[in-house]
Amino acid sequence: MFLRSLLVALLSLILFLSPSAPSWALGGELPPLNAPAPDFSLPSSLDGQPISLKDYRGKWVVLYFYPKDFTSGCTLEAQRFQRDIEQFHAHNAEVIGVSADSVDSHEDFCDSEGLTFPLLSDPDGQVSKAYGSWLGFVSLRHSFIIDPEGILRERYVKVNPATHSQEVLARLKELQQQV
């Protein structure tokens with residue numbers, strides 16, 4: 001196990017320092033900007049009902065991946081997105097969180113934190129892998145902005161949970177002005 005962890009750390013360092021691999025992050029290859037975002041359909045915190053990217057055509061989507069319900073950084077990040085949810089809605093944007101946690105855990109987390117946006121359960125990391133956000137058994141803290149046509153417009157791989165929601169909101173506004 002130690003050797004595996006060491007190998008992952010070494011590979012991560014090489015990828016991070018390599019100028020020839022700008023579309024790679026710790027979790028793997030990132031989807032390209034200005035191209036269709038990887039589609040998905042996963043069970044949600046909304047009574048387990050599946051949610052797909054295509055359900056949000058015509059809206060901007062902030063898709064954020066995070067490691068674990070009820071942990072300090074993930075709780076803070078979710079609270080900040082919830083705090084700003086009306087501002088996202090005012091800009092025709094929906095927020096969706098994704099982690100490997102179960103639907104039951106997501107439902108408890110939403111109840112505990114008063115979250116009104118959906119959290120998706122990705123236990124095998126299928127969607128997290130498609131977004132370069134999977135590390136063995138958890139999703140990494142990465143975020144993506146997807147436009148109303150399903151095109152990936154921005155990605156974040158270095159996220160500060162305390163300020164990330166406002167950072168994403170500011171960039172969303174910039175992107176909308178460019179259209």
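Q: What makes T75 buried or exposed in this model?
A: The relative accessible area of T75 is 12%, and buried means under 20% relative accessible area, exposed over 50% and partly exposed in between, with a 1.4 Å probe and protein chains only, so T75 is buried. T75 belongs to helix α2, and, leaving aside residues up to four places away in sequence, T75 touches F70, F109 and E113, where contact means heavy atoms within 4.5 Å.

Q: What do these values rest on?
A: The model is predicted, so local features need pLDDT of at least 70 and side-chain atom pairs count only at pLDDT 80 or more, whereas totals for chains, interfaces and linings use all residues. Residues are numbered from 1 along each chain as its sequence is written, and side-chain values use heavy atoms, with hydrogens and water left out.

Q: Why is α2 called oblique to α6?
A: Helix α2 (residues 72-83) and helix α6 (residues 164-178) pack at an angle of about 45 degrees, with their axes 8 Å apart. Angles under 35 degrees count as roughly parallel, over 145 as roughly antiparallel, 65 to 115 as roughly perpendicular and the rest as oblique, and that makes α2 oblique to α6. Axes here are lines fitted to C-alpha atoms, for helices over the stretch in contact, and angles run from 0 to 180 degrees between N-to-C directions.

Q: Which residues make the contact of α2 with α6?
A: On α2 they are E77, R80, F81 and R83, and on α6 they are H164, S165 and Q166.

Q: Why are β7 and β11 said to stand at the edges?
A: The open sheet has five strands in the order β7-β6-β5-β10-β11, with mixed pairing, and two strands pair if DSSP finds at least two bridges between them. β7 (119-121) and β11 (152-156) each have a single partner strand, so one side of each is left without a neighbour in the sheet. From one strand to the next, the twist averages 20 degrees.

Q: How do you know that β5 and β10 pair?
A: Strand β5 (residues 60-65) and strand β10 (residues 143-146) share four bridges in the antiparallel sense, against the requirement of at least two; V62 has I145 of β10 as its bridge partner.

Q: Which helices lie against these strands?
A: Helix α4 (residues 103-113) packs on the sheet and touches β6 (93-99) and β7, its direction making about 165 degrees with that of β7. Helix α6 lies across β5, β6, β10 and β11, and runs at about 155 degrees to β11.

Conventions
Helix = DSSP H or I, 4+ residues; strand = E, 2+ residues; numbered from the N terminus.
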